[in-house]
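Good morning, and thank you for making time for this short report. I would ask you to keep the sequence and the model in view while I speak.

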Amino acid sequence: MDIAADVVVIGGGINGCATAHALAKRGLTRVVLVEKGHIASGPTGRSSGIVRQHYTHETLAAMARDSVKTWTNFADEIGGDAGFVNCGVAFAGGDRDADTIRATVTMQQRLGIDARMMSVGDLEELEPALRSDGLTCGAYEPGGGYADPALATNSFAAAAQREGVTILRKTAVTALSIRAGRIEGVTTTAGGISAPVVIDVAGPWGGAIAAMAGATIPIAVSRHPVVILQRPAQWRTSTPVWVDLTEGWYYKPERQTAIMVGSVRDTETAVDPDDHDTMPTYREIEECSAAILERFPIMAEGAAQGGWAGLYDVTPDWQPVIDRIPDVDGFYVAVGFSGHGFKIGPAVGRAMAELVLDGACRSYDLNLFRYGRFAEHQSSRGAYGFGIVG
Ligand SMILES: Cc1cc2nc3c(=O)[nH]c(=O)nc-3n(C[C@H](O)[C@H](O)[C@H](O)COP(=O)(O)OP(=O)(O)OC[C@H]3O[C@@H](n4cnc5c(N)ncnc54)[C@H](O)[C@@H]3O)c2cc1C
């Protein structure tokens with residue numbers, strides 16, 4: 001296979017598929033997406049899929065706001081199903097979080113996001129099963145919820161194919177072709193593809209792809225377990241996604257019968273992206289069960305059902321790198337989403353299409369995500385103690 005393309009997108013996760021779709025939608029007729037496994041076979045397929053707009057950085061909040069519109073109107077805007085459940089998202093905090101929550105809600109409201117401050121009484125009213133010990137404030141956004149990441153990504157891939165994108169599954173990029181500081185294409189396990197533009201959206205493998213072009217992107221790959229517990233019959237009611245900033249856990253309803261527990265604490269242990277434990281350990285199940293029991297005592301009558309562990313591609317400040325690589329014309333990256341890159345996928349696709357086709361992103365200020373920030377020792381870490389919250 002030696003083919004010619006306008007753009008090669010490396011990676012069939014949410015951000016690669018949304019990027020390929022956005023480029024084709026903007027009129028490019030020869031976009032090729034190369035995926036070494038199947039669509040959403042990387043971290044995207046193991047994502048919790050939580051869709052919230054509560055970010056302390058304005059750019060991320062704006063990207064989440066626009067993406068919520070896409071998740072909400074998915075069938076009309078993209079086609080197919082994203083499995084979006086609009087249950088709302090509640091943040092629960094203590095004294096140390098109050099100023100940041102207030103500033104974030106004020107900023108969100110300025111951006112046109114429906115977000116509001118919550119008293120402890122408001123939180124208890126929102127979910128009578130909540131034990132509010134240690135909580136002093138909160139925030140709520142009715143527009144959020146959760147989507148089905150594998151379904152959403154496959155729907156994006158199908159929509160991209162309808163727009164003319166070629167998707168090569170079970171095909172790995174093994175080398176980049178670069179001559180005189182310009183990208184000329186890629187070598188894959190199925191042959192070569194020539195293209196003047198190549199976009200690295202390869203998640204935990206993205207640093208290795210960037211290194212093929214001599215670019216250094218500091219990505220630590222870490223393992224993140226989630227546990228699903230069956231809810232007792234008396235708690236099969238609708239509840240929002242909960243983010244507990246005091247204890248560092250999130251609780252995501254799985255429809256009305258179950259609930260997922262995961263941590264928002266920084267994970268530091270590096271793992272091999274191709275060889276790691278994909279199941280939660282007994283101890284991890286115990287920790288998640290103990291956490292939900294503290295916050296929702298009604299779960300004393302729940303039961304652990306199982307779970308899995310996926311990968312985070314974590315940068316030093318927990319923000320992605322979304323940029324062109326200055327020394328290699330035509331080479332772009334959107335990697336290092338640091339455990340929070342599903343929800344903003346639609347906005348990432350739009351941003352990448354603007355970067356490639358317009359020479360700059362008009363919709364968002366991507367300065368936060370620039371490639372050069374680590375060499376300049378600039379950090380874009382969010383204002384909370386947990387990097388992933390942003
Ligand atoms: C357990 C868990 C829970 C999460 N929860 C949330 C959440 O609630 N909300 C949220 O917003 N985010 C969440 N995230 C993070 C989010 O899922 C990721 O940030 C996002 O899915 C990353 O998508 P991506 O397209 O950038 O990359 P990936 O999903 O990593 O996709 C990259 C793809 O590139 C392919 N690839 C790699 N190398 C090559 C190569 N050489 N050739 C061809 N293909 C290649 C891989 O096979 C992979 O499919 C969670 C992640 C995990 C693991």
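Predicted model: local features only at pLDDT ≥ 70, side-chain atom pairs only at ≥ 80, totals over all residues.

Which residues come nearest to the ligand? Of the 38 residues around the ligand, these are Asn 15, Glu 35, Thr 44, Ile 50 and Lys 343. By residue class, the shell around the ligand comprises 16 nonpolar, 18 polar and four charged residues.

I turn now to individual contacts. Glu 35 places a polar side-chain atom 2.7 Å from an oxygen atom of the ligand. On its own the ligand has 1000 Å² of accessible area, and the protein covers 97% of that. Helix H1 (14–25) and strand E18 (303–314) are the elements that give two or more residues to the shell.

How does the ligand shell relate to the domains? The assignment gives domain 1 (2–47 + 150–218 + 317–389) and domain 2 (88–142 + 220–314). Each of these domains supplies at least three residues to the shell around the ligand.

Finally, the domain interface. The C-alpha centres of domain 1 and domain 2 lie 29 Å apart, and the contact takes 21 residues from domain 1 and 24 residues from domain 2. About 1900 Å² is buried between the two domains, with carbon and sulfur atoms giving 63% of that area. On the domain 1 side, Arg 46, Tyr 384 and Phe 386 lose the most area to domain 2, together 37% of what that side buries.

Conventions:
Residues numbered from 1 in each chain as written. Heavy atoms only, no water. Near = heavy atom within 4 Å. Polar contact = N/O pair within 3.5 Å; in protein donor to acceptor, adjacent residues only side chain to side chain. Areas by Shrake-Rupley, 256 points an atom, 1.4 Å probe, with all protein chains shown as cover. Helix = DSSP H or I, 4+ residues; strand = E, 2+ residues; numbered from the N terminus. Nonpolar A, V, L, I, M, F, W, Y, C, P; charged D, E, K, R; others polar. Domains from an automatic or database assignment. Contact = heavy atoms within 4.5 Å. Buried area = accessible area lost by both parts, 1.4 Å probe.
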